[in-house]
Amino acid sequence: MLGQMQDRPLLISALIEHADRWHGGAQVVTQTVEGPVHRYTWSDVHRRSRQVANLMASLGVRPGDRVATLAWNTYRHLELYFGVSGSGGVCHTVNPRLFEEQLVFIINDADDQVVCFDSTFAPLVARLQPQCPGVRHWIAMVHEGAVPESTPFATAYEAGLAHASTVFTWPQFDERTASSLCYTSGTTGNPKGVLYSHRSSVLHSYAFALPDSGNFSARDVILPVVPMFHVNAWGIPYGAPMVGATLVLPGPRLDGASLTQLMLAEGVTVAAGVPTIWTSLLSHIRANNVSLPAFTRTVIGGAACPASMIDAFEQLGVEVLHAWGMTETSPLGTLNSFTRAQGSLSAEEQRALRRKQGRVPFGVDIQVVDTTKKPLPRDGNAFGDLRVRGLWVIERYFGATETALEDGWFATGDVATIDPEGFMLITDRSKDVIKSGGEWISSVELENVALEYPGVGAVAGVGGAHPQWTERPLLVVQPTAETAVNAEGLLAFMKERVARLAVPDDVVFVDALPQTATGKIWKLKLREQWARHYTG
């Protein structure tokens, strides 16, 4: 017997329809590429998204066709999210920080029919265009007459919208239809595509808005600093209209001073980003004695959040929601939130919990397994390979004929533990674990401890080849400008806080640590650079 309830598909277009109908006056604010702050409402987003749908139809975009974006977090990019996916196309957000050869591969592999780009990326687009013959239309996201000189083959976004009707009825189709496409960062080998569905995206939005997740509401002013070209800005462009929140988009200005000014001006209550972004913000706040009175919580993911950063935010009255996820999980996998009992723990006990990546929301399941794929106990001590499954987790990569799963689970490549309360802690990426004398040393633990030492601005723990121990840990440190730091003092500090075997044998100092296209420290490059530090 089937239930006798209405059966309506979960579609992305329903999110913007809801925002228009019930939260139409709530604002979407953008720090534009051109400079001025742009303001309009969710009703305006809906109206212009319908124009986008009509524009794409006039260009010959059909259901299932991929429309790529090379763009910052802006109102125009937001309109493409809804106009393309809502009309049955696939919104393919391309990460402009990738290597040029990777971008060429991605655009051709996705068979993108249209590429929409911000003027910032015009020089890049000029180089890409001859290498991407399958792209039929290049659209510069600018006003009419402002197409960059380097891309004369492009048309102006606003000129196209000016001729597109605002009348459009969102089609109804199977909720499992593809909605958007993101590629992994591809630091080794070619990037791989992850093809999300309308169903997975809407369910992910529900989960992210739950009280123990992002806790979004119509009272919030949300700032996604995480780029819209990186895992759909963690789903925030979908979650904000779902709850009717005010959305603040930072455009290309992601430095600490610009973000602070924007957050103050707009009264941002919640923001989301990777640790490297918040390092800049916290540095600016400390240097200028700035207060952000409306700012109450931040979601930090993409890399392990240092305990020192959690402490710094809490001193400002900002709750840190430490999260874990990946492109293949849409990305929400776990998020750190306390139960009622844990809320009464001591400050030090709560601090230890906040260093973990947290618990799963409904819709996700995780486990850690040993090398034989046998599940390990949730005792907080046994660590192994982390696997995940769920309602918004990948089944296979774009274009692949074979599943990406092992016995129904996706192997994440992370090494983790899970404690009896369900709190998961990433101890390392499997490829980043330092193997010394038959023991595994967590580079993440070393980094978190080192970041508590005054003068350490950013740090990476890597393994250097060693004739006796196979590998020995090495700290690669980017000092702060404010405080001097020396190797002897840092190593003495480490000796008091980590196991004897895990204490690094040396520290090297660099002007800057290399970053991947997603803003993470590029461990692969550092391992290659310092692999022979102990062997000469």
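**Salt bridges across the chain**

Hi everyone, let's start with lysine 373: its relative accessibility is 37%, so it counts as partly exposed. Keep in mind that this is a predicted model.

What does lysine 373 pair with? Its partner in a salt bridge is glutamate 406, with 3.7 Å between the closest N and O atoms. Lysine 373 sits in the loop between E16 and E17, while glutamate 406 belongs to strand E18, residues 405-406, so this pair links distant parts of the chain, 33 residues apart. Glutamate 406 is also partly exposed, at 27% relative accessibility.

Now please look at aspartate 365, which makes a salt bridge with arginine 389; here the closest N and O atoms are 3.3 Å apart.

On to lysine 356 and aspartate 419, whose side chains meet in a salt bridge at 3.0 Å, N to O. Lysine 356 lies in the loop between helix H12 (347-354) and strand E16 (364-369), and aspartate 419 in the loop between strands E19 (409-418) and E20 (424-429), so the pair ties together parts that are 63 residues apart in sequence. Are these two buried or exposed? Lysine 356 and aspartate 419 are both buried.

Stepping back, how many salt bridges does the structure hold? There are 25.

Definitions and conventions:
Residues are numbered from 1 along each chain as its sequence is written. This is a predicted model: local features need pLDDT of at least 70, side-chain atom pairs count only at pLDDT 80 or more; totals for chains, interfaces and linings use all residues. Side-chain values use heavy atoms; hydrogens and water are left out. A salt bridge is a side-chain nitrogen of Lys or Arg within 4 Å of a carboxyl oxygen of Asp or Glu. Helices (H or I, at least four residues) and strands (E, at least two) are DSSP runs, numbered from the N terminus. Buried means under 20% relative accessible area, exposed over 50%, partly exposed in between (1.4 Å probe, protein chains only).
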